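Please read the following report alongside the sequence and the 3D structure shown here.

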Amino acid sequence: MDATTAPASATALGAPVERREGREKVTGTARYAAEQPCPGRAHAWPVPASIARGRVTGIDTAAALAVPGVLAVLTHQNAPRLAEPEDPTLGVLRDSRVPHRGWFVALVVGETLEAARAGAAAVRVDYAVEDHDVTLTATHPDAYAPEQANGGYPGSREHGDPDGVFASAEVRVDVDYRVPPLHNHPMEPHATTAEWHDGRLTVHTSTQGSTAVRAVLAGLFGLPEEHVTVLAEHVGGGFGSKGTPRPDVVLAAMAARHTGRPVTLALPRRFLPAVVGHRAPTLHRLRLGAHPDGRLTSLIHEVTTHTSRIKEFVEQAAVPARVMYAAPDSRTTHRVAPLDVPTPSWMRAPGEAPGMYALESAMDELAAELGMDPVELRIVNEPGTEPDSGKPFSSRHLVECLREGARRFDWAERDPRPRSRAEGPLLVGSGVAAAMYPVLVQPSTAAARALPDGTYLVRINATDIGTGARTVLAQIAADALAVPVARVRTEVGSSELPAASLAGGSSGTASWGWAVHEACTRLAERLAEGPPPAEGIEVRADTAGRADADSPFARHAFGAHFAEVAVDTVTGETRVRRLLGVYAAGHILNSRTARSQFVGGMTMGLGMALTEGSTVDAAFGDFAEADLAAYHVPTHADVPDIEAHWIDEDDTRLNPMGSKGIGEIGIVGTAAAIGNAVFHATGVRLRELPLTPDRVL
Ligand code: MOS
């Protein structure tokens, strides 16, 4: 079909438009950061510290420099001096300090990847070793109560007399849960190709937001921002670990300056856990007090987590308990212990994913204690306003999600008694959990141009990390212009484009779409006055001051997850047979790519429940599971039947498209639904993830 004669219905927001770069990706022509054709390019390989804490006392690079093809070895003694980074995890090769195992202490640059790797193996590092402590306990003496948890949320909140009310509650649940460290492991590891020309720096890097990367590089290298170009045309996932620049981009730019060559640094996967962040382990204590009819009287959620010695990062896992249920007396607190561990960071639904695992598991325990249906228990505790803030919800359709999910899942057919369904050696059960994710939005700028041939060009430095951002932005533009979507081209993934916020916090589509919608709406108004001149007309929009405004409304997406599992009583293996999610997340703008995001989130939740998790090795001080053989992410065979549905919400208090974020909510509550199903199947409550056979047996 000719682009200009496509039916207007193809513009409809919500249509299952195929992603525009799909063919390039499946045919292998899409270029990622390490694949940029770049004449004269050299390769780099880092040298990670082999101690958990101490100082580098000497580095012998002679043997490395003697490896054929090795061009240079950068250390803290000879690396280019940069400004001090705001983010301490980027302070690489600045001094001799080793804050954790895996911290990079040298970088070898070679003509080939093989030369660089062989050179790295030949670098000899001497250390002054200090004692380290990497073991988190709920009573760790160094743990303190931070003023804020991540996201700017208060570290602690208390209403009424939660302890007194809990002590006198007629029904009580007092339980501990543990979520281990988790790793993002995007398909494309973190990678950068950097090149200098006449004092100007160009990097291709794998990031969730290149506007921010440009600002960081300009600051570190003392350049005006317009002398730095950051390109991220295709990004193979990030899940939060590419939400901020990582050492690869700093080291590649350093190495390129030091050698005068373009340099590619693609981090080997086994180095990722130490330098790109991880989901910090969380220890949860949940106390729920209730009336016999299920109404909560007291809700106490206390979280203990770790951070590194160089940066405070507080996984905000007690925050969802401030949003979910009406409990007149409550306390939600965080404590954090700085340990000699790698610095934790963002991982899909930071805070909500572990927090809702604990809260939604405890709600299931309360339902069992009460002899009440767990769907009904949640409905009984539906709040009129947001419990912590007292703000009205802009929209909240959790009850509808629970009811619709129950209907689709045939929940009414379920025998509520635990261990009531056996198939030979298998015990079969089902479980439910709620989901929640806040609505976040950030200011962005966009340009929309009308060309004389009747086509349109939308430019914005959005980042497509695999979500289909180009496609949905074209839909938003086409909708605002009232033209077929095929007439709209989108350019994203370059810091030369109008500045935009990052693909994080499930805020990308809302933030970028708001700016695109505004630019296109104003462009349509201009075009109503007459056709564009030969050079076209361009309109720019900037949502600063509006897209970041505090709302008088509590704005969140909600959902419900249902799971059916079969637990093998001989092997201890748990298989998920069925996962079903129903979401209320505003208007869904592209049903095809949205479904993919929901299903992806649920799949990650399945991994969190059953197979993902890593161990901080007390002796060595880092993670034992550092590659995809030891850290098992779900594969197709692990996910037999998975469905995502939604209730379309009409919420006018969000953004011009009426959308909420959808990238993260799929992982929230999924692990609890699976854990609750395992309890229903077996009658045994497991409170530590993942539910591997050794724990189940
Ligand atoms: Mo997400 S963890 O905000 O990229």
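## Strand pairing and overall form

Strand β20 (residues 445–450) pairs with strand β21 (residues 456–459) in the antiparallel sense over four bridges; helices (H or I, at least four residues) and strands (E, at least two) are DSSP runs, numbered from the N terminus, and two strands pair if DSSP finds at least two bridges between them. This is a predicted model, in which local features need pLDDT of at least 70 and side-chain atom pairs count only at pLDDT 80 or more, while totals for chains, interfaces and linings use all residues. Residues are numbered from 1 along each chain as its sequence is written.

Within this pair, A448 has V458 in β21 as its bridge partner. The two strands β20 and β21 form a hairpin with five residues between them, and G454 in the turn takes a positive phi of about 85 degrees. On to the next strand, β21 is joined by four bridges to strand β22 (residues 488–491), the two running parallel, and the bridge partner of Y456 in β22 is V488.

Strand β18 pairs with β19 (residues 426–438) in the antiparallel sense over two bridges, with E423 standing opposite L426 in β19.

| Pair | Sense | Bridges |
|---|---|---|
| β20 and β21 | antiparallel | four bridges |
| β21 and β22 | parallel | four bridges |
| β18 and β19 | antiparallel | two bridges |

Helix α12 (residues 508–528) has 21 residues, which at 1.5 Å a residue should span 30 Å, and its end C-alpha atoms are 30 Å apart, which agrees; the expected span is 1.5 Å times one less than the number of residues. Just after α12, G530 takes a positive phi of about 160 degrees.

The chain has 15 helices and 26 strands. With 697 residues, a compact globule would have a radius of gyration near 26 Å, and the chain has 26 Å, which agrees; this radius is taken over C-alpha atoms, and the globule rule is 2.2 Å times the number of residues to the power 0.38. The C-alpha atoms fill a box of roughly 75 × 75 × 50 Å, taken along the principal axes. Of the 697 residues, 56% count as buried (20 or more other C-beta atoms within 10 Å of the residue's own, with C-beta atoms placed from the backbone).

Definitions and conventions. Buried ≥ 20, exposed ≤ 12 C-beta atoms within 10 Å, placed from the backbone.
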